[in-house]
Amino acid sequence: MGSRFISAVAFYGPKTGRLRELLTGVQALIAEQVGGDFRPYTLDQVHATLIALNGVREGGTIVNEYLLEHAGERREMDLLRVMDILARRFAAPLRVRIGGFRPGQAVPFTSRGQHLAERAFSVQGEAFVLVGWPTDSLAGAGRPLDDLRREMNTAGVLHRYHARPGDVDNDLHLVVGHHAGAPAEALARATAAVRDKLAADPADLAIGLSDVTIVAADSHTLAPAVYVSGVPAAAAEVFALVP
């Protein structure tokens with residue numbers, strides 16, 4: 001498989017307003033508990049992956065890495081259609097919320113089998129991860145992020161977390177940094193502190209088309225980037241990035 005990471009992401013680059021407040025506040029809480037073991041992302045680097053566009057060269061064409069890996073399908077990615085889907089889906093801003101739930105509170109759904117208060121912030125391996133959801137979904141009105149990712153199948157792109165036909169991923173993930181072997185007790189304190197903050201002070205955000213970027217890098221952290229483009233990105237430029 002290819003070693004270059006290419007994705008359509010939200011919020012890559014400079015942060016302002018409520019999103020900046022959220023990220024700086026969360027990173028400060030983590031730093032208080034984890035100290036020198038905390039490796040924060042820069043604010044510009046923090047992003048939410050909408051769909052991965054990693055490619056593999058196969059017989060003169062470029063196929064989607066996850067379509068090949070999970071389905072064994074060798075179908076050229078249609079990047080023009082990818083851009084059309086993104087443009088249509090984000091012509092009106094997608095509203096999302098991070099936080100607002102306390103343990104034991106009734107929730108409209110679970111995420112990966114977990115209560116939303118737990119999923120809103122967690123330590124996953126070495127990563128500190130925020131998760132939010134479309135406000136429509138929280139109100140019981142569909143799964144717009146999952147629908148976006150599923151529609152990408154028509155462009156020859158399979159979402160990483162749609163390995164099986166019935167898989168659902170309506171989550172918006174933002175990694176805010178990593179830790180370097182921090183003690184479990186410190187990680188637990190940081191997790192509790194951030195969850196308390198999110199429960200009391202949720203962040204309501206909106207993703208418009210101007211917030212969506214095509215980014216390529218040689219690290220899954222997307223830093224440093226080797227390519228950054230708004231939507232639409234030129235298919236020839238993106239395909240040229242595939243090793």
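**Figure 1. Leu222 and the loop between E11 and E12 in the predicted model.** Leu222 lies in the loop that runs between E11 and E12. Its phi is positive, at about 60 degrees, although Leu222 is not a glycine. The residue is buried, because its relative accessible area of 2% falls under the 20% limit. Pro224 is placed in the loop between strand E11 (212–217) and strand E12 (225–229). A cis peptide bond links Ala223 to Pro224, with omega at about -5 degrees. Most residues other than glycine have a negative phi, and most peptide bonds are trans.

**Figure 2. Phe11 in the loop between strand E1 and H1.** Strand E1 covers residues 5–10, and Phe11 is found in the loop between this strand and H1. Phe11 has a positive phi of about 75 degrees without being a glycine. With a relative accessible area of 8%, Phe11 is buried. Phe11 is also among the residues in contact with Ile207.

**Figure 3. The largest nonpolar core, with 60 residues.** Within this core, Ile30, Val82, Leu86, Leu130, Leu172, Ile207 and Ile214 touch the most other members. Helix H1 (residues 17–34) supplies the largest share of the core, namely seven residues. A second core, separate and made of eight residues, includes Leu116, Ala127, Val129 and Val131. Beyond its neighbours within four places in sequence, Ile207 is in contact with Ala10, Phe11, Phe90, Ala92, Pro93, Leu94, Val96, Leu172 and Val212.

**Figure 4. Val238 in helix H8.** Helix H8 spans residues 235–240 and contains Val238. Val238 is buried, with a relative accessible area of 2%. Setting aside neighbours within four places in sequence, the contacts of Val238 are Ile6, Leu79, Ile214, Tyr227 and Ala233. Ile6 is 232 residues away from Val238 along the chain, and the C-alpha atoms of the two are separated by 8.1 Å. Pro232 lies in the loop between E12 and H8. The peptide bond from Val231 to Pro232 is cis, with omega near 10 degrees.

**Figure 5. His178 in strand E9.** Strand E9 comprises residues 172–179, and His178 belongs to it. His178 has a relative accessible area of 18%, so the residue counts as buried under the 20% limit. Apart from neighbours within four places in sequence, His178 is in contact with Asp37, Phe38, Arg39, Tyr41, Glu126, Ala127, Phe128, His220 and Thr221.

**Figure 6. Gly59 in the loop between strands E4 and E5.** The loop that holds Gly59 stands between strand E4 (55–58) and strand E5 (61–64). Gly59 is exposed, with a relative accessible area of 82%. Gly59 and Arg74 are 15 residues apart along the chain, and their C-alpha atoms are separated by 9.3 Å.

**Figure 7. The protein chain as context for the close-up views.** The protein chain has eight helices and twelve strands. Its radius of gyration is 18 Å, close to the 18 Å given by the globule rule for 243 residues, so the chain is as compact as a globular protein of that length. Buried residues account for 49% of the 243 residues. Among contacts between residues at least 6 apart in sequence, 73% join residues at least 24 apart.

How values were computed: Residues numbered from 1 in each chain as written. Predicted model: local features only at pLDDT ≥ 70, side-chain atom pairs only at ≥ 80, totals over all residues. Heavy atoms only, no water. Helix = DSSP H or I, 4+ residues; strand = E, 2+ residues; numbered from the N terminus. Rg over C-alpha atoms; globule rule 2.2 N^0.38 Å. Buried < 20%, exposed > 50% of the residue type's maximum accessible area, 1.4 Å probe, protein only. Contact = heavy atoms within 4.5 Å. Core = buried A, V, L, I, M, F, W, Y, C linked by side-chain atoms within 4.5 Å.
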